[in-house]
Amino acid sequence: MARVVIRSLNKKYDEFHAVKDVNLDIRDQEFVVLVGPSGCGKTTTLRMVAGLESITSGHILIDDTVVNELPPMDRDIAMVFQNYALYPHMSVYDNMAFGLKMRKFDRSQIGTRVQEAAEILGIQDYLKRKPRQLSGGQRQRVALGRAIVRHPRVFLFDEPLSNLDAKLRVQMRVELKKLHVRLGTTAIYVTHDQVEAMTLGDRVVVMRDGWVQQVGEPLELYNQPANRFVAGFLGSPAMNFTTVRLSRENGGLWALADGIRLKLPQTAASRLAPYADREVSLGVRPEDMRVAGAADPDDLAIDALVEVVERLGSEILLDVTVGGTTMVAAVDPSVVANMHDRLRLALNPERLHFFDSATEAAI
Amino acid sequence: MIEGARWRRWSFFYVPVTAFVIFLLFPFYWMLVTAIRPDRELYKPWSSPLYQPFWTLHPTFQHVHDLLTQTLFSTWMLNTMIISIAATLISLFCGLFAGYALSRLKFPFAGSIGTGIFITYLVPQTLLFIPLSDIIRNFHLGDTPWALILTYPTFLVPFCTWLLMGYFKSIPKELEECARIDGATRWKAMLFIVFPVALPGILSAGIFAFTLSWNEFIYALVFLSSPTEKTVSVGVTSDLVRGDVFYWGQLMAGALLGSIPVAFVYSFFVEHYVSGITGSVKG
């Protein structure tokens, strides 16, 4: 059980500034997910916490102790790697026992702990096998088992599910969550998969180009993204963006663009007042659009031309063009729509996102 | 495998392979036939009416017997064995740590040091023996096994280092990182994780080093002179030709017996050896 505090953390390789001024406060028992596109510095950050990468500047504290110079073995952490990193010449039992042997636990205690971890993960039957005789999912469990036998203060996960096929990944994701609830160990989890981030994390840290973009609970990030990048990164299909001009007419604030003429609700209007007569980015999530009915007010709908209809069963994804912009709308499966149809799509006025065109920050 | 009609398989696979195998094995066959052929058949002129160069109807172990009793052949075998094993162990030891350091540790000039080691391997032995013989003389090592045990590593260490460097690079570094997080020091991670995983590569390097030492000729020829100190390769070619008389039966028997240990080492380790060359470690 531990708190992990990261203060002004930087990592520079010769020319490349990989991690820029990262600050994080990870609470005891918290499951924090670092997410971002490849090369965003998330793995480097994790490796610095593990002690596998030297720190250029800044501090990492585990339970109020600075661990910057501590070798990995003395940090009392456990890490699960993307390729599992199982020791190929050792049996599953020895793989799991290795860390305890290195820490000079006595035999009976090692046996108990390995057995206990094996039971939690359901791998008791494979203890004598070599890693190459196991399937991907089983290897993943052994890698997890090797981490949990030591009862470390912090778990570090480096894209542990990326090598599994889609179905198994969903299953292991659930098991990971259960495992965390059961053990309550502080965990830092790195992934590029926003679904994993949203489902696993107590809090999610979105990173880009070495900078932390936003830290928050999954739904907070989803509903109130701090900037256009976070808004576009989380959610599938991704948020739609288009450039609109804000203009004052008839006592209200309007968002105008080719094919778009929206009267902004009062709350948004007051926030956006300083941006009147300027261009901003409008963001709309696909699920915040629906096919407009007769009751929908005209000034909260947009004209769209259907390009592609993707019927997923639970919903329909309409790829449409609005003015010159391509958008995706997730609509009710009962909607009848065909290619080249012209539709009016009603927007949820409370869930419109606006971003400064220059800084990309949310308004 | 060649696909298609039977004639294609025969003409593009079986026939060429058979020809190749015959071509490669013929010297060994010739060695064997000559080694067991009685002298009266050996020295029969080729023009004689009953000349049968490719087989004999009167096989004899006389040459082998003479070789082991009347010459120093068994001493040479022992010398070669000791020298090869010692040189191999020294080279493996150095190669193992040098290869690990060059492939895993980050230190200044690691890359250029690696290249430098490789370049030393490229210096031909036929040139290197000249300065080396000077060194051997200054250290009074001439005509002792040490002359070879200490000079063979000049080409074996670079060889082992390069082979093992490549092998270490094929081992995912996460294995070692995981061990270090698990509580192992770098030293222990190397000993308990990296080296065992690299065992096929280490065996391959050892087999190659052993074979190269066993077959080495020029250093052994230059640095050793007394008949009791010689190795097989030099002893057979120098001491079994007395004056201008070639004792073909003994020569071939010596060559045959001399190649057995290498053949044995290869076949014994062939499984590891093959995987050492072709395989790597999957995560």
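**Sheet, interface and helix packing**

In this predicted model, A:Phe157 finds its bridge partner in S8(A), namely A:Tyr189. The strands involved are S7 (residues 154-158) and S8 (residues 186-191) of chain A, which run parallel and are joined by 5 bridges. Zooming out, S7 and S8 belong to an open sheet of 6 strands in chain A, ordered S6-S7-S8-S3-S9-S10 and mixed in its pairing. S6 and S10 (211-216) of chain A sit at the edges with a single partner strand each, so each has one side without a neighbour in the sheet. On average, neighbouring strands here are turned by 15° against each other, ignoring direction. Helix H4 (residues 136-148) of chain A packs on the sheet, where it touches S6 and S7 of chain A, and its direction makes about 175° with that of S6(A).

Then there is the contact between the chains, to which chain A gives 18 residues and chain B gives 17. On the chain A side, strand S6 (77-80) and helix H2 (92-102) each supply at least two of the residues that touch chain B. That side of chain A is made up of 14 nonpolar, 3 polar and 1 charged residues.

Over in chain B, helices H8 (residues 153-170) and H11 (residues 199-215) pack with their axes 9 Å apart, at an angle of about 160°. H8(B) and H11(B) are therefore roughly antiparallel, and H8(B) passes H11(B) in a right-handed crossing. From H8(B), the residues involved include B:Leu156, B:Phe159 and B:Tyr167, while those from H11(B) include B:Ile202, B:Phe208 and B:Leu212. By class, the residues of this H8(B)–H11(B) contact come to 11 nonpolar, 3 polar and no charged.

Definitions and conventions
Residues numbered from 1 in each chain as written. Chains lettered and ligands numbered in written order. Predicted model: local features only at pLDDT ≥ 70, side-chain atom pairs only at ≥ 80, totals over all residues. Axes fitted to C-alpha atoms, helices over the stretch in contact; angles between N-to-C directions. Helix = DSSP H or I, 4+ residues; strand = E, 2+ residues; numbered from the N terminus. Parallel < 35°, antiparallel > 145°, perpendicular 65-115°, else oblique. Left-handed = near helix turned anticlockwise from the far one by under 90°. Contact = placed C-beta atoms within 7 Å. Nonpolar A, V, L, I, M, F, W, Y, C, P; charged D, E, K, R; others polar. Pairing = 2+ DSSP bridges.
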